[in-house]
Amino acid sequence: MTDPDTAAAEPRPESGLRAQLRGQRTPLLVIAAIALLVIGFGAGVLLSPDDSGGSAPGPVDIGFAQDMSAHHTQAVEMSGIALLGSTDPAVQRLAYDILTTQQSQIGRMQGWLQMWGAPARGSDGYMGWMHDEQSADAHGGHHEHGSGMQATGAMAAMPGMASTEDIQRLRTAKGAELDVLFLQLMLRHHEGGVPMLEYGAEHAETGEIGILAGQMLAAQQGEARLITDMLTARGGQPLPLN
């Protein structure tokens, strides 16, 4: 006969299963992220120039793909943290959408870069491809973009990016604090990417980058409005753009 006290102390099988599944979330997310990257990469490589107008890539196309891949990588990282750490279903859905969409887009851009024979990352800072020499001369040494931002050559960091300290704070935050911080960082991240998206959509030589940049711009502006509403509902305030 089973001792009631002993039986009560033993974990039930379903409890152990739930714990096991929780422990598998991180590796499963990593596998899913890699799969999305591979799928996007394959789509980028399989898309020939003839599919999008046949234009050869210029500095804007290559620079956009390099820098936006780096920009997206941080958004994917922050979304993974929120997806694993948040208990808010709305925040989890948003994080999942950003993670899956942007990871796939990274794959596409990296596929195009390989097809063009260009490196995966630039080596001379960020956003130098947004500096138009002809326009710079006409505007007294700088070019003004639709967002009001001025390009004066390569930058050490892209606008809107979270710092190492920001990411560490997000990793250690819990509950409502995590949700609000994730929304704040992601809203600023989206806002910081607008100048690149606008410039890429307007100045890309290839249809691949021109179309993708326009799609990203529309999607991220919609997400920014959603994030703003979610942040307000949770008592948070947007961060100033860095």
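This is a predicted model: local features need pLDDT of at least 70, side-chain atom pairs count only at pLDDT 80 or more; totals for chains, interfaces and linings use all residues.
Residues are numbered from 1 along each chain as its sequence is written, and side-chain values use heavy atoms, with hydrogens and water left out.

Q: How many salt bridges does the structure hold?
A: Side chains of opposite charge can pair when their charged atoms come close. A salt bridge is counted where a side-chain nitrogen of Lys or Arg is within 4 Å of a carboxyl oxygen of Asp or Glu. The number of salt bridges in the structure is four.

Q: Which helices hold Glu77 and Arg171?
A: The side chains of Glu77 and Arg171 meet in a salt bridge, at 2.9 Å from N to O. Helices are DSSP runs (H or I, at least four residues) and strands likewise (E, at least two), numbered from the N terminus. The pair ties together parts that are 94 residues apart in sequence, because Glu77 lies in helix H3 (residues 59–85) and Arg171 in helix H6 (residues 164–172).

Q: Is Asp88 buried or exposed?
A: Asp88 forms a salt bridge with Arg234, with the closest N and O atoms 2.9 Å apart. Asp88 lies in the loop between H3 and helix H4 (89–115) and Arg234 in the segment after helix H8 (207–233), so the pair ties together parts that are 146 residues apart in sequence. Buried means under 20% relative accessible area, exposed over 50%, and partly exposed in between (1.4 Å probe, protein chains only). With a relative accessible area of 18%, Asp88 is therefore buried.

Q: Which residues are linked with Asp166 in a network of salt bridges?
A: Asp166 forms a salt bridge with Arg188, the closest N and O atoms being 3.0 Å apart. This pair links distant parts of the chain, with Asp166 in helix H6 and Arg188 in helix H7, 22 residues apart. Asp166 is buried at a relative accessible area of 12%, and Arg188 is buried at 9% relative accessibility. The residues linked with Asp166 in the network are Arg169 and Arg188.

Q: Which residues is His189 in contact with, leaving aside its neighbours within four places in sequence?
A: His189 is found in helix H7 (residues 175–203). At 1% relative accessibility, His189 counts as buried. Contact means heavy atoms within 4.5 Å. Apart from its neighbours within four places in sequence, His189 is in contact with His71, Gln74, Ala75, Met78, Gly160 and Met161.
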